[in-house]
Amino acid sequence: MTPEQWFSKQGWRPFDYQRAAWDAFDSGASGLIHARTGSGKTYAALLGLLRRAIVDGERAEGLRLLWITPLRALAFELEVSIRRAVADLLPAWRVERRTSDTSASARSRQLLDPPEILITTPESASLLLSYEQMGKSLKSLDLVVVDEWHELVGTKRGVQTELVLVSLRSSAPGLQTWGLSATIGNLAEAQEVLCGSGSVLIEGPSSVSPDVDTLLPPAPARFPWAGHMGLQMLEEVISVVERCRSTLLFTNTRNQAEVWHQALQGCTTWGDSLGLHHGSLDRALREDVETRARLGLMRCIVATSSLELGVDFPVVDQVVQVGSPKGIARLLQRAGRSNHAPGRRSRLVFVPTNTFELVEFEAAKRLLREHSVESRKPLTLCLDVLAQHLVTLASGGGFSATATLATVRSTYCFRALSDMQWQWVLHFLTTGGETLRAYTQFHRLEASESRYTIASPALAKRHRMNIGTIVSDGHVIVRFLKGKRLGTVEESFIARLRPGDTFLFAGRTLTLVQLRDMVAIVRRGSRRTHTTAKWLGGRMPLSTHLAQGVRDTLTLAATGGRLGPEGNAACAMLSLQQERSLVPKGGELLLEQVTLRDGTHYFLYPFEGRSAHEGLAALLAYRLSRSEPRTISTVVNDYGLELLVDEPLSNPKTAFLTALDTGSLLEDLLAAIDAGELARRHFREIARIAGLVFQGFPGRIKETRQLQASSGLLYDVFSRHDPENLLLQQAAREVVEQQLEFSRLGDALARISAQQLRLHELPTLSPFSFPLWAARMQAEVSTERWQERVKKMSARLEADSKRGLTRKRSGAAV
Amino acid sequence: MSMECILSTFQQHAVQIRGDRSLYWQRERTLFVADLHLGKDKAFRAQGIPVPTGATKDDLERLADALRATHAERLVILGDLLHGPEGCSSELIDTLRQWRRGFKALLITLVLGNHDRRVAIPTEWNLDLHDGTLDIGPYACCHEPPTTPQRFYLAGHLHPVVQLDARGRMRQRLRCLWVRPTGAVLPAFGSFTGGYRIRPSKGDQVWAFRDGQVAAVSLSRTSEETGPRRKAEQHR
């Protein structure tokens with residue numbers, strides 16, 4: 001049977017792009033298949049190989065296809081679809097999965113007798129290289145498929161995948177690589193990272209833009225403030241959910257998911273057909289929800305990005321997005337979860353949690369229509385990932401330095417790897433890193449005649465337990481007295497509770513019984529609780545792309561252009577802003593000055609997203625206080641930033657114009673931020689990946705405690721005793737590039753320094769400045785008092801504006 | 001690095017809280033330290049985790065400086081002088097023996113900690129060993145803070161740190177001395193040691209250490225009071 005015949009047997013007809021992919025594979029090419037979810041990408045990548053294998057007839061045994069997927073949960077679905085074709089076309093071939101969920105016995109069997117097709121994750125694929133006996137099986141590989149490559153590019157998992165690919169290519173020279181990707185802004189670059197130059201791009205059907213609706217709040221507040229959960233829209237959301245069979249409701253944070261789940265539970269009779277899914281829940285709980293969803297038993301699942309990828313629920317009718325979409329790629333990914341079948345439009349419902357998000361949703365809608373999606377910039381020179389990879393190779397029978405250097409340099413990430421950096425990594429793994437003197441008693445890799453091997457089988461075993469680039473925090477396991485595990489919370493959260501305290505987690509009210517050895521024993525609580533499990537961590541900034549969209553929408557509003565329903569709903573807020581201050585057009589940069597009891601507040605609105613604002617605020621505070629020493633405190637959100645000073649600046653316009661200068665940016669920025677402290681925090685990820693922090697064997701926490709040190713502590717020890725360590729430098733670089741989005745900051749500064757600075761001095765807060773003021777309050781006072789004060793202030797401002805603000809605005813445009 | 005001290009009284013006796021994380025009882029010329037964890041870096045290296053050398057040597061130098069500065073006649077180590085057998089190499093035994101020679105007249109008392117018990121302490125170090133609680137004047141010296149204190153205790157073991165909310169966004173975790181009505185928990189003296197975040201209650205006093213400086217902490221500035229709401233959200 002040919003693939004075409006198999007297709008018609010299924011009642012399908014191959015798309016042209018699928019045929020093109022099979023033919024391209026046949027010609028020996030590698031490449032990227034760009035098509036939307038649900039358009040048959042899997043078979044486009046698979047059947048070329050099957051067709052060739054049928055023609056060639058039986059060949060020597062061994063692994064033929066390695067299928068790498070970023071999500072464990074996807075592996076199962078993939079296995080089902082791949083089996084379906086293989087069972088008919090090549091019944092002798094075995095299809096198996098190998099992920100961290102696979103049993104130890106199955107895994108060791110796979111090493112001795114590998115299947116023809118193995119479905120795995122980047123981490124497990126990397127692990128294969130650490131077994132010497134796997135070496136021979138990998139030589140027979142014909143094809144590696146990297147699924148959802150758009151999710152991996154731009155991450156350290158992507159870098160790990162690059163390294164795995166070049167290792168596999170060096171042992172199986174004819175190996176072909178095919179990637180599957182959804183739309184991203186830099187598709188060509190992503191293709192080059194995966195396949196190198198000279199590869200083929202196969203264009204499948206592009207995605208149909210989803211049907212989008214926004215739930216408009218009946219009376220959008222004119223003084224929006226972030227920080228509440230949008231539960232005022234609860235009733236509308238319930239009726240939207242009830243008009244369909246099944247809904248996925250996405251929130252931006254796990255905490256928000258818990259709160260929404262509880263609210264829906266309390267206000268509906270959906271019972272078991274309401275589910276919760278986020279990354280900190282125990283796998284069993286998540287799988288239960290997934291299984292019931294597949295069976296069509298779920299009316300509504302409240303989820304975070306944990307359900308964004310892959311998991312195919314054929315019966316999801318609509319996707320609800322609560323709160324800011326943050327970026328278009330992410331929104332498309334989420335929207336793609338509904339009506340997941342070729343040719344059908346997905347349905348997306350936006351739920352704004354504050355008035356400003358109406359503007360974001362309007363911008364997002366336009367960008368979705370235009371298919372305009374963010375880029376994912378590939379990372380470079382991640383020495384931590386390289387160090388991990390080399391230990392992997394050393395565990396799998398060893399590597400030779402010269403050959404491996406050439407292989408490593410053939411990746412996109414390490415193409416600019418210098419001899420010095422390479423030597424340093426080798427030193428780091430053999431003698432401990434310092435170039436001048438070796439760490440005493442250190443051993444990890446052993447070198448003999450330029451061949452490197454692992455120092456002991458015990459070290460190899462430990463390395464395998466710790467492979468990966470996903471770093472998790474100090475997690476405390478939450479479980480019931482009887483033993484059922486619910487998931488994990490952060491130590492910093494649970495440490496603030498005392499036995500007897502109740503909190504909301506995993507959709508349940510729980511009472512803490514005891515906290516011991518990183519395990520929190522709980523029982524069901526009955527009392528109502530106001531404490532919901534929280535997870536720390538950076539909030540995702542608005543993407544550059546969506547930020548530009550927001551600026552365009554504001555320009556449209558300021559110039560009297562036609563707005564959509566979302567923009568119109570935000571109109572009351574925008575016209576009040578225009579009346580009191582200004583809605584900046586493209587080419588204008590708004591600076592507001594308000595003197596309140598606590599000092600003079602300067603609000604600047606670059607609309608560049610939170611991380612860029614963070615760097616910008618630090619830079620401005622530094623430069624403004626350089627000429628004249630003063631204390632400046634800063635607050636940022638996705639739209640703007642606030643600087644609070646005791647005394648008004650004598651000539652704010654000139655001061656800000658000078659401070660927005662684009663010269664000596666990096667130098668000033670590093671002086672402005674506590675770069676050391678940021679790098680220290682960032683070192684956690686690097687220390688973990690480079691194998692400095694040992695996560696321990698599962699269930700054997702105690703035995704490894706003697707070997708545990710926090711990454712912050714390691715950072716201090718390295719800075720003091722080995723300051724030349726390149727991993728420290730990598731931390732500093734990643735902070736500037738990733739955390740502070742340096743290039744974006746530079747672009748933003750170039751853009752805004754060319755804009756006309758419009759200074760408005762206001763008697764009181766404007767709708768734009770109010771959320772920044774509220775964020776400052778939030779940082780300074782306790783939760784209850786904060787909400788009270790913010791409510792009071794917003795009521796006062798509303799009352800003011802209704803009275804028409806009789807007081808004349810002092811000093812309008814300067 | 002400058003060194004600072006603060007004077008305080010524990011049980012009507014004047015004590016110096018020193019910026020190097022030791023405690024000095026002037027009347028009895030006794031210096032108290034806790035949790036040095038010497039050789040911890042070595043234990044890491046022996047297990048294939050590349051940690052630079054230097055922490056152990058540094059800590060011993062700092063301890064010597066404190067002894068010289070105070071002219072102490074007695075040193076009381078409140079447990080965990082050593083990290084464990086993996087780190088207790090012949091090199092460390094030698095280093096400590098030589099270090100000991102510099103303080104011939106000094107009486108050194110080691111109240112054994114859980115880590116010390118895993119090691120046979122070399123007799124050549126000339127330490128006065130105690131298992132359990134040792135009463136010195138008004139103080140009950142022990143490693144682990146007692147659950148039901150009978151007398152005012154001086155203890156270690158916890159490696160207390162306090163979390164301070166600085167203005168802006170940065171939060172700091174600093175090692176601290178935690179004084180409760182029933183006793184005091186000393187900060188870990190060793191530089192390669194982690195920390196346990198304490199939750200001081202009303203009536204406690206906390207002193208935080210950073211770069212050889214010590215400062216009293218007003219308890220309203222700890223995150224305990226102001227909470228981590230603003231960074232409460234995360235994705236996934």
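1. In this predicted model, helix α29 of chain A runs over residues 726-739 and has 14 residues, reaching 19 Å from its first C-alpha to its last, which is close to the 20 Å expected at 1.5 Å a residue. The buried residues of this helix α29(A) are A:L726, A:L727, A:Q730, A:A731, A:E734, A:V735 and A:V736. Just after α29(A), the residue A:E741 takes a positive phi of about 45°.

2. The packing of two other helices of chain A deserves a separate remark. Two packed helices are described by the angle between their axes and the distance between the axes. For helix α15 (residues 355-369) of chain A and helix α21 (residues 544-558) of chain A, the angle is about 110° and the axes are 8 Å apart, which makes α15(A) roughly perpendicular to α21(A). On the side of α15(A), the contact is made by A:V359, A:E360, A:E362, A:A363, A:A364, A:R366 and A:L367, while α21(A) contributes A:H545, A:L546, A:G549, A:V550, A:D552, A:T553 and A:L554. Sorted by class, the residues in the contact of α15(A) with α21(A) are seven nonpolar, three polar and four charged.

3. On the nonpolar cores, the largest has 227 residues, and of these A:V145, A:L249 and A:I301 touch the most other members. If the neighbours within four places in sequence are left aside, A:L249 is in contact with A:W260, A:C300, A:I301, A:V302, A:A303, A:V320 and A:V322.

4. Among the contacts in chain A with a separation of 6 or more, 77% are accounted for by residues 24 or more positions apart. Chain B, in turn, has four helices and 16 strands, and of its 236 residues 46% count as buried. Residues 24 or more positions apart account for 67% of the contacts in chain B with a separation of 6 or more.

5. Two loop residues of chain B may be checked for their backbone angles. B:Q12, which is found in the loop between β1 (5-10) and β2 (13-18) of chain B, has a phi near 65°, a positive value in a residue other than glycine. With 6 other C-beta atoms within 10 Å, B:Q12 is exposed, because a residue with 12 or fewer such neighbours is classed in this way. B:D211, which lies in the loop between β15 (205-210) and β16 (213-217) of chain B, has a positive phi of about 45° although it is not a glycine. This residue, B:D211, counts as exposed, with 9 C-beta neighbours inside 10 Å.

6. A last point concerns a loop residue of chain A and its spatial relation to a residue elsewhere in the sequence. A:D661 is found in the loop between α25 (652-659) and α26 (665-672) of chain A, and with 13 other C-beta atoms within 10 Å it is partly exposed. A:D661 and A:L749 are 88 residues apart in sequence, whereas in space the two are 7.6 Å apart, C-alpha to C-alpha.

Notes
Residues are numbered from 1 along each chain as its sequence is written. Chains are lettered from A and ligands numbered from 1 in the order in which they are written. This is a predicted model: local features need pLDDT of at least 70, side-chain atom pairs count only at pLDDT 80 or more; totals for chains, interfaces and linings use all residues. Axes are lines fitted to C-alpha atoms, for helices over the stretch in contact, and angles run from 0 to 180 degrees between N-to-C directions. Angles under 35 degrees count as roughly parallel, over 145 as roughly antiparallel, 65 to 115 as roughly perpendicular and the rest as oblique. Two residues are in contact if their C-beta atoms, placed from the backbone, lie within 7 Å. Ala, Val, Leu, Ile, Met, Phe, Trp, Tyr, Cys and Pro count as nonpolar, Asp, Glu, Lys and Arg as charged, and the others, Gly among them, as polar. The expected span of a helix is 1.5 Å times one less than its number of residues. A residue is buried if 20 or more other C-beta atoms lie within 10 Å of its own, exposed if 12 or fewer, and partly exposed in between; C-beta atoms are placed from the backbone. A nonpolar core is a set of buried Ala, Val, Leu, Ile, Met, Phe, Trp, Tyr and Cys residues joined through C-beta atoms within 7 Å.
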